[in-house]
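Me: I should like to learn how to read the features of a protein model in order. May we begin once it is displayed?

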Number of protein chains: 2
Amino acid sequence: MGGDHGPSVVIPGAALALERHPDSEFLIFGNESEVGPLLAAHPKLAAASRLIHTEIAIAMHDKPSQALRKGRWKSSMWLAIDAVKKGDADVAVSAGNTGALMAMSRFHLHMLPGVKNPAIAALWPTLRGESVVLDVGASIGADAQHLANLAVMGGAMARVLFDLERPTVGLLNIGVEEVKGLDQIREAGKLLRELDLKEIDYVGFVEGDDIGQGKVDVVVTEGFTGNIALKTAEGTARQMATLLRSAMGRTLRARIGYLFARRAFAVLREKMDPGKVNGGVLLGLTGVVIKSHGGTDSDGFAAAVDMGYDMARYGLLEKINQTLRRPISDELGTARIAEAVS
Amino acid sequence: MGGDHGPSVVIPGAALALERHPDSEFLIFGNESEVGPLLAAHPKLAAASRLIHTEIAIAMHDKPSQALRKGRWKSSMWLAIDAVKKGDADVAVSAGNTGALMAMSRFHLHMLPGVKNPAIAALWPTLRGESVVLDVGASIGADAQHLANLAVMGGAMARVLFDLERPTVGLLNIGVEEVKGLDQIREAGKLLRELDLKEIDYVGFVEGDDIGQGKVDVVVTEGFTGNIALKTAEGTARQMATLLRSAMGRTLRARIGYLFARRAFAVLREKMDPGKVNGGVLLGLTGVVIKSHGGTDSDGFAAAVDMGYDMARYGLLEKINQTLRRPISDELGTARIAEAVS
């Protein structure tokens with residue numbers, strides 16, 4: 001029911017994702033009177049789905065606390081998360097209210113042992129392909145241990161998505177000489193060097209302009225900075241697209257040029273299209289929850305479902321736990337990173 | 001002597017700036033054997049300049065503390081700042097080591113009364129024109145009062161540069177519902193509303209994607225986030241330019257299209273050219289110091305000199321002091337903002 005366009009985007013999006021992954025099954029939580037007719041228009045999806053009716057939906061403007069009060073036990077969002085908790089679903093995908101999704105997921109799924117705060121990881125288009133950037137806004141501030149946890153979780157996500165043995169990881173920092181970055185970032189760097197994890201290759205600090213160049217597979221930062229960076233990049237891309245469009249329409253020559261180069265522009269648009277890499281992954285929870293952009297179209301929503309499919313199919317949670325819980329005994333494992341900082 | 005290219009960029013840059021502002025006079029600090037021949041090639045500049053010889057120059061990789069030890073009293077950078085301190089110059093412009101420039105300026109010029117930390121303000125190209133963004137990396141972290149001071153200083157800069165009576169000012173924040181931003185940002189917002197300064201129009205929080213849209217004339221944030229945002233935007237612009245170039249060369253049709261639209265692309269490049277808006281202003285000091293990008297060309301360096309010219313010509317410092325030191329008596333004035341937060 002979530003997102004700016006609700007089921008009219010979610011249902012065609014799920015249908016698209018099903019075509020790409022015909023072994024998927026869907027549990028669809030929402031208002032039958034709205035969802036039913038849309039589902040009927042997609043018979044293949046209807047055959048692979050179960051529609052669970054609920055009349056309660058979290059609104060996009062609900063505060064997390066309101067959402068929990070009004071939507072616990074019965075809203076479509078809660079029921080989707082609950083399906084993950086119960087093991088009925090491998091992953092929950094929502095285009096709804098981010099704050100509410102975060103709060104409900106945290107409340108119902110709980111955090112992984114050793115992880116204090118949740119994170120949202122985004123896929124960032126780069127010159128080399130894509131990178132994982134986290135946290136893009138789930139929690140403000142991070143001590144060295146949380147940054148190390150983010151590195152581990154982002155690394156697991158990169159292993160799943162990019163099929164890498166040992167993705168490269170950088171800590172986002174500023175390079176100006178007189179300010180050598182925040183203490184906790186330096187500490188996290190030291191910690192990651194000492195741990196020398198076999199699952200991730202920590203390469204050091206990266207700066208803002210390294211993200212788009214694809215210098216590392218995983219960029220780690222706390223949620224405030226990550227959110228500002230992500231939105232600033234989105235804004236800059238949009239700004240340049242606007243300037244390009246206006247430059248291309250300004251003169252007859254430019255318009256003729258545009259006609260000739262139309263296909264090239266289409267390629268460019270494709271590479272910059274945020275819809276193509278839609279889907280933030282809520283990390284640090286005991287289940288997989290994907291947040292789609294609220295304003296996305298069905299292509300974008302399908303991309304978010306695809307991402308969820310990959311995360312479930314290739315064992316994101318197992319990969320995270322594998323690293324967080326090493327060495328050997330589970331009891332010792334979770335304390336290992338925590339000890340190394342203190 | 002500073003920057004990646006030293007006098008070979010600085011001297012032609014100054015010559016360009018002089019053409020645009022024929023009433024300028026230059027004090028040029030550097031090694032005569034290097035600067036002299038270059039200056040001789042620009043007779044108009046030579047006629048409007050005095051070359052002060054020094055053999056000591058701060059290297060780009062010197063740490064601020066090293067720079068102060070080695071360069072105090074005698075380096076070209078120090079002498080330029082000293083000329084501002086003595087009133088021999090209205091503004092110092094350097095393409096040299098940012099950290100050293102910051103440290104020396106702070107050490108020698110001191111902070112304005114009521115301002116604890118220096119800031120660097122950048123001009124950011126937007127869809128509406130340009131905005132002032134600060135702090136882009138001079139100091140990490142900011143309490144509510146420092147953020148309010150940044151708003152005042154950035155506002156003064158916008159009044160000078162954009163010739164506005166009352167520029168709009170926004171505090172950079174994140175909009176995700178479950179995290180309502182940092183306490184100090186909320187406090188600064190409250191403070192700015194209460195102060196209701198006649199020189200700036202505080203409009204509230206802005207997000208990362210609002211910067212490039214030009215939603216406000218002045219975007220205020222602390223130095224860590226500001227530096228990440230600036231570099232992320234630069235990286236994204238470079239990334240898109242690379243993608244565009246490669247898309248335009250991919251097929252014959254695209255190359256033909258490029259030929260037709262060449263002029264339009266030139267317009268676009270111009271609008272995105274960081275050189276055109278080169279020049280960070282060091283704010284919070286008792287004198288005007290401009291930092292040019294180290295890697296800039298002579299056009300870019302000329303833009304930095306132009307900015308310095310405007311700052312001196314249209315009274316940046318007076319405009320800052322006017323606001324910081326109100327109401328009426330100087331003694332009361334500086335404490336005014338401080339009191340309002342406590």
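Me: In what order do the 8 strands of the open sheet in chain B lie?

Reply: Please note that this is a predicted model. Strands of a sheet pair through backbone hydrogen bonds, either parallel or antiparallel. In chain B the order is β3-β10-β9-β4-β5-β8-β6-β7, and the pairing is mixed. The edge strands, each pairing on one side only, are β3 (91–94) and β7 (201–206) of chain B. On average, neighbouring strands of this sheet are turned by 25 degrees against each other, with direction ignored.

Me: In which sense do β9 and β10 of chain B pair?

Reply: Strand β9 (residues 280–283) and strand β10 (residues 288–291) of chain B pair in the antiparallel sense, over 3 bridges. Within this pair, Leu282(B) stands opposite Val289(B) of β10(B).

Me: Which strands of chain B does helix α7 lie across?

Reply: Helix α7 (residues 144–162) of chain B lies across β4 (119–125), β5 (130–134), β6 (168–172), β8 (218–220) and β9 of that chain, and runs at about 150 degrees to β5(B). Helix α8 (residues 183–195) of chain B also packs on the sheet, where it touches β6 and β7 of chain B. The direction of α8 makes about 160 degrees with that of β7(B).

Me: What rotation superposes chain A on chain B?

Reply: A rotation of 180 degrees, with 0.0 Å of shift along its axis, superposes chain A on chain B with an RMSD of 0.1 Å. This is the relation of a two-fold axis. The same surface serves both copies, as 100% of the contact residues of chain A recur in chain B. Of the residues of chain A, Gly257(A) comes closest to the rotation axis, its C-alpha lying at 1.9 Å.

Me: How should the length of helix α10 of chain A be judged, and is the helix enclosed or open?

Reply: One compares the expected span with the distance between the ends. At 1.5 Å a residue, the 27 residues of α10(A) (residues 223–249) should span 39 Å, and the end C-alpha atoms are 39 Å apart, which agrees. Because 20 of these 27 residues are buried, α10(A) is largely enclosed by the rest of the structure. Glu222(A) caps the N-terminal end of α10(A), with a side-chain oxygen 2.9 Å from the backbone nitrogen of Phe224(A).

Me: Is Asp306(A) buried or exposed?

Reply: Buried means under 20% relative accessible area. Asp306(A) has 15%, so it is buried. This residue belongs to helix α13 (residues 298–313) of chain A. The side chain of Asp306(A) makes a polar contact of 2.8 Å with the side chain of Arg20(A). Leaving aside residues up to four places away in sequence, Asp306(A) touches Ala17(A), Arg20(A) and His21(A).

Definitions and conventions. Residues numbered from 1 in each chain as written. Chains lettered and ligands numbered in written order. Predicted model: local features only at pLDDT ≥ 70, side-chain atom pairs only at ≥ 80, totals over all residues. Heavy atoms only, no water. Pairing = 2+ DSSP bridges. Helix = DSSP H or I, 4+ residues; strand = E, 2+ residues; numbered from the N terminus. Axes fitted to C-alpha atoms, helices over the stretch in contact; angles between N-to-C directions. Contact = heavy atoms within 4.5 Å. Least-squares fit on C-alpha atoms with pLDDT ≥ 70 in both. Buried < 20%, exposed > 50% of the residue type's maximum accessible area, 1.4 Å probe, protein only. Polar contact = N/O pair within 3.5 Å; in protein donor to acceptor, adjacent residues only side chain to side chain. Expected span 1.5 Å × (residues − 1).
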